[in-house]
Every structure is written in C-alpha cells, then in structure tokens.
Amino acid sequence: MAAVGLGIPLVVTAMPEFGMLAVGAVAAAVTDALGGGTVTQFVVFAVVSVALIAVVRPIANRQRARRPALQSGIEALKGRQAVVLERVDGHGGRIKLGGEIWSARALDGGHVYEAGEQVDVVDIDGATAVVM
C-alpha cells in the first residue's frame, strides 16, 4: 500500500525519488511476505531506498547533462546541406535550404558552385548562407 502511496506523487510531480522510495516499499512488502518482522521491513525499506537514490540519481544527472542542446533559428541551419539553384560564388547566388530559397555566397571566394550541386552551410551572415 505504501508503494502505491509513493507512486502517486511520482506521477504528479515527476520526481524520480518517489519512485525509488516506492521500490523500497515494495522490497519491504516482499520482506513481510517472506516472514520478516517490522524492524526488518523498515531496515529493508531504508537500505533499498537509500541505495537506489545514491546510485541512480547521479547516473540520471550525468545523462541529463549530456543531452545535446536544442538548436533553433539560424544555429539549426549551420551544418545542413542545401542544393544550389543559381550559381554560387564569392559574390552571391541562390540555394534551397530547408525548403526555402536563400541567398548564398561561397566561403572560399575563388570557388564556384553550379546549379544542382550539394553544398554545406557553414554559417549564416545576416540573410545570406555561407556555403562550401
């Protein structure tokens, strides 16, 4: 019964610690079913709950810290591929990037990209994609 009581705040608050306490309560219930006394049940509850919190919480925090940041706006366009629509050189041109038509210029001013070629967007300078 205590496991269900601890499971409700887990769902409502999204705090995983309540889930770990609920697992401790289940372990105490199993101890009771195996004939353990009240003191043994409390000890099993405490040991299992504390062990889970001490082991699982640092692992979860490391995983949360490793998530890649969600990029949006022009940052999300950098590194994407585009198709040249009109010749792109160091002075200008047009590409299709993410379903939209963008003005573009070559990163290397001496390099020319012809229509139909695939290019990579390395930067966005104002409203112009810098490609290579």
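Trainee: What pattern does the protein follow, read along the sequence?
Mentor: Along the sequence the pattern is α-α-α-α-β-β-β-β-β, which comes to four helices and five strands. Keep in mind that this is a predicted model.

Trainee: What is the mean pLDDT, then?
Mentor: The mean pLDDT of the protein is 85, and 87% of the residues reach 70 or more.

Trainee: Which elements have the lowest and the highest mean pLDDT?
Mentor: Helix α1, residues 2-13, has the lowest at 56. Strand β2 has the highest at 95.

Trainee: OK, the strands. In what order do they close into a barrel?
Mentor: The order is β1-β2-β3-β5-β4, with mixed pairing. On average, neighbouring strands of this sheet are turned by 55° against each other, direction ignored.

Trainee: Which strand runs parallel to β5?
Mentor: That is β3, residues 100-106, joined to β5, residues 128-131, by four bridges. Within that pairing, Arg105 has Val130 as its bridge partner in β5.

Trainee: And β4 with β5, parallel or antiparallel?
Mentor: Antiparallel, over four bridges. Ile124 is bridged to Ala129 of β5. The hairpin of these two strands has two residues between them, and Gly126 in this hairpin takes a positive phi near 70°.

Trainee: How many bridges between β1 and β4?
Mentor: Three, in the antiparallel sense. Gln81 stands opposite Asp120 of β4.

Trainee: Switching to packing. Which residues touch the most other members of the largest nonpolar core?
Mentor: Ile95, Val121, Ala129 and Val131, out of 15 residues in that core. The elements giving two or more residues to the core are β1 (81-86), β2 (94-97), β3, β4 (118-125) and β5.

Trainee: What does Ala129 touch?
Mentor: Leaving out residues up to four places away in sequence, Ala129 touches Ile95, Trp102, Ser103, Ala104, Arg105, Val121, Asp123 and Ile124. Ile124 is also the residue whose bridge partner is Ala129.

Trainee: Why would nonpolar side chains collect like that?
Mentor: In soluble globular proteins, nonpolar side chains tend to be buried together.

Trainee: What share of the protein counts as buried?
Mentor: 23% of the 132 residues. The accessible surface comes to about 8600 Å², and 62% of that surface belongs to carbon and sulfur atoms.

Trainee: Last one: of the contacts between residues at least 6 apart in sequence, what share join residues at least 24 apart?
Mentor: In this protein, 43% of them do.

Note on methods: Residues are numbered from 1 along each chain as its sequence is written. This is a predicted model: local features need pLDDT of at least 70, side-chain atom pairs count only at pLDDT 80 or more; totals for chains, interfaces and linings use all residues. Side-chain values use heavy atoms; hydrogens and water are left out. Two strands pair if DSSP finds at least two bridges between them. Axes are lines fitted to C-alpha atoms, for helices over the stretch in contact, and angles run from 0 to 180 degrees between N-to-C directions. A nonpolar core is a set of buried Ala, Val, Leu, Ile, Met, Phe, Trp, Tyr and Cys residues joined through side-chain atoms within 4.5 Å. Buried means under 20% relative accessible area, exposed over 50%, partly exposed in between (1.4 Å probe, protein chains only). Contact means heavy atoms within 4.5 Å. Accessible areas come from the Shrake-Rupley method with a 1.4 Å probe; for residues, only the protein chains shown count as cover. pLDDT is the predictor's confidence in each residue, from 0 to 100.
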